[in-house]
Amino acid sequence: MGEAVSQTAAQLITALRRAQRDATAEVTVLADRPDGTVVRCGHVVAKAHPPGTDPAELAVRLGVAAHPRCAEILLPPVDGMGALPDGRQVTLWPYGEPVAPDAPDAAPWVGAGRLLARLHAVPIAELPGPLPAMRGPAKAARAIARLRAAALPDSVATRAVLRAWAGLPGWARGVDRTERTGRMDRMGRRDGNDGNDGNGGRDEGGDGDVTHTLCHGDLHLGQLIRHRATDWRLIDIDDLGLGDPAWDLARPAAWYAAGLLAAEDWERFLGAYRAAGGCAVGQRDPWPRLDVPARALTVQTAALALAKAAAAGRALDEAEEAMVAASVRIAHFMEAAG
Amino acid sequence: MQCPKCHAPMHTYNRNGVQIEQCSGCRGIFLDYGELEALTRLESQWTQAGPPAPPAAPQAYPAAPAWGAPQHGHYGHHGHHGHHKRGFGHMLFSS
């Protein structure tokens, strides 16, 4: 265990030791960030949720993770909720093996696609409620706020990121949840036709179907763990809720569009999602549905990269550069499309 | 600009450097003087150049958005694992 842990981590360790009734058990700090502290003690992991987490919303999300309908999709919690002396909400989870960070090539893209397809098929009427909104767009908005707060000197990169952000529809910027699905933004089309691929009727209908899907809200490879060496499960329910399921596919989509994720990996992920009956995109060109959320996540990633690099006084790495370059292209295309 | 047929607003799109207006309601397309000719010219260039279409290519390169990285659509740069861009390994695991 590291010497310098945050006060939250120290409080969490104390609480976890108490819960485990073992003052000597070895404790490992798995993550210690302002937006989440995670501590492991034996088979149990405790998470201190970000400050400001709504306890009622977290309770519903926890109920979803514990629900039998999500048993083979989401990791179920060990117990109910608690709180630290500083007021932060705490949840307990079984420990599971994460994706090896040094072997991204062995990433479980097929497992991730399958899990998302099953998550998106969960009948929400049977879940506890009221289900909060999926927080993907809200997190994208927070990344932009962080970039603005960093007040970086004017540059092509920051200007393009802010312009690409301004070109997104309100629902993707977390400002208007009701506007969704009225009309698809067509900018990302490769071809000029409508490309009606079977779910086009739903796209254009504006009946809000797609906003009534259970979504994870923050998919990346750190959100997959293998519990007891069995199949993969999704973890981290902080952003879980109702929303557009395309958002859950959009981070890998954004990586692929930026030229970072290999075409085979993207195809394995998307193919597994479709083969498992995933509802977010049709069987043909997925981009009419992916375009807006993938643009939002591209801009979110670029904004965070710019803010973090500036705060650390370092240059962008190659992957961050690729996301900024994608944002610049998005801004260019917006200008071309008027 | 409004659609002359259904009066819904029209949006401007750029297709291969040609500006076209498309109606957000009925999807009708409005072309300015010379734009149809420009599109026809581009089309004939495309067919003359002839897509090289490999004889057995059942697996096309997966679709990408218009703002995608320029290497999309080219064969050969992928198929080799293990040389991700610096930082991508870390990005795969972060929000």
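## Two chains in a predicted model

Chain B holds 2 helices and 3 strands. Read from the N terminus, its elements follow the pattern β-β-β-α-α. This is a predicted model. Buried residues account for 13% of the 95 residues in chain B. Of the contacts in chain B with a separation of 6 or more, 7% come from residues 24 or more positions apart.

**Where the chains meet**

On the chain B side, 31 residues are in contact with 43 residues of chain A. Two elements of chain B give two or more residues each to this side: β1 (10-15) and α2 (88-91). The most comes from β1(B), with 5 residues. By type, the residues on this side of chain B divide into 13 nonpolar, 14 polar and 4 charged.

**Confidence in chain A**

The mean pLDDT of chain A is 87. In that chain, 87% of residues reach 70 or more. One stretch needs care. Over residues 179-209 of chain A, pLDDT stays under 50. For that stretch the model has 52 contacts beyond four places in sequence. Where pLDDT is low, predicted coordinates should not be read in detail.

Strand β3 of chain A covers residues 44-48. A residue counts as buried when 20 or more other C-beta atoms lie within 10 Å of its own. By that test 4 of the 5 residues of β3(A) are buried, so the strand is largely enclosed by the rest of the structure.

β3(A) pairs with β2(A), residues 36-41, in the antiparallel sense. It also runs antiparallel to β5(A), residues 89-94. The hairpin of β2(A) and β3(A) has 2 residues between the strands. There, Gly42(A) takes a positive phi near 65°.

| Strand pair | Bridges | Residues facing each other |
|---|---|---|
| β2(A) and β3(A) | 5 bridges | Cys41(A) and Val44(A) |
| β3(A) and β5(A) | 5 bridges | Ala46(A) and Leu92(A) |
| β8(A) and β9(A) | 3 bridges | Arg226(A) and Trp232(A) |

**An open sheet**

Three strands of chain A form an open sheet in the order β6-β8-β9, with antiparallel pairing. Which strands stand at the edges? They are β6 (97-98) and β9 (232-234) of chain A. Each has a single partner strand, so one side of each is left without a neighbour in the sheet. Strand β8(A), residues 224-226, is joined to β9(A) by 3 bridges. Helix α3(A), residues 109-120, lies across β8 and β9 of chain A. This helix runs at about 50° to β9(A).

Helix α5 of chain A spans residues 156-166. Its buried residues are Ala157(A), Thr158(A), Ala160(A), Val161(A), Ala164(A) and Trp165(A). They cover an arc of only 165° around the axis, which puts them on the same side of α5(A).

What do the buried residues of α5(A) pack against? They pack against three helices of chain A: α4 (136-150), α9 (287-312) and α10 (318-337).

Technical notes:
Residues are numbered from 1 along each chain as its sequence is written. Chains are lettered from A and ligands numbered from 1 in the order in which they are written. This is a predicted model: local features need pLDDT of at least 70, side-chain atom pairs count only at pLDDT 80 or more; totals for chains, interfaces and linings use all residues. Two strands pair if DSSP finds at least two bridges between them. Two residues are in contact if their C-beta atoms, placed from the backbone, lie within 7 Å. Axes are lines fitted to C-alpha atoms, for helices over the stretch in contact, and angles run from 0 to 180 degrees between N-to-C directions. A residue is buried if 20 or more other C-beta atoms lie within 10 Å of its own, exposed if 12 or fewer, and partly exposed in between; C-beta atoms are placed from the backbone. The arc is that of the directions from the helix axis to the C-beta atoms. pLDDT is the predictor's confidence in each residue, from 0 to 100. Ala, Val, Leu, Ile, Met, Phe, Trp, Tyr, Cys and Pro count as nonpolar, Asp, Glu, Lys and Arg as charged, and the others, Gly among them, as polar.
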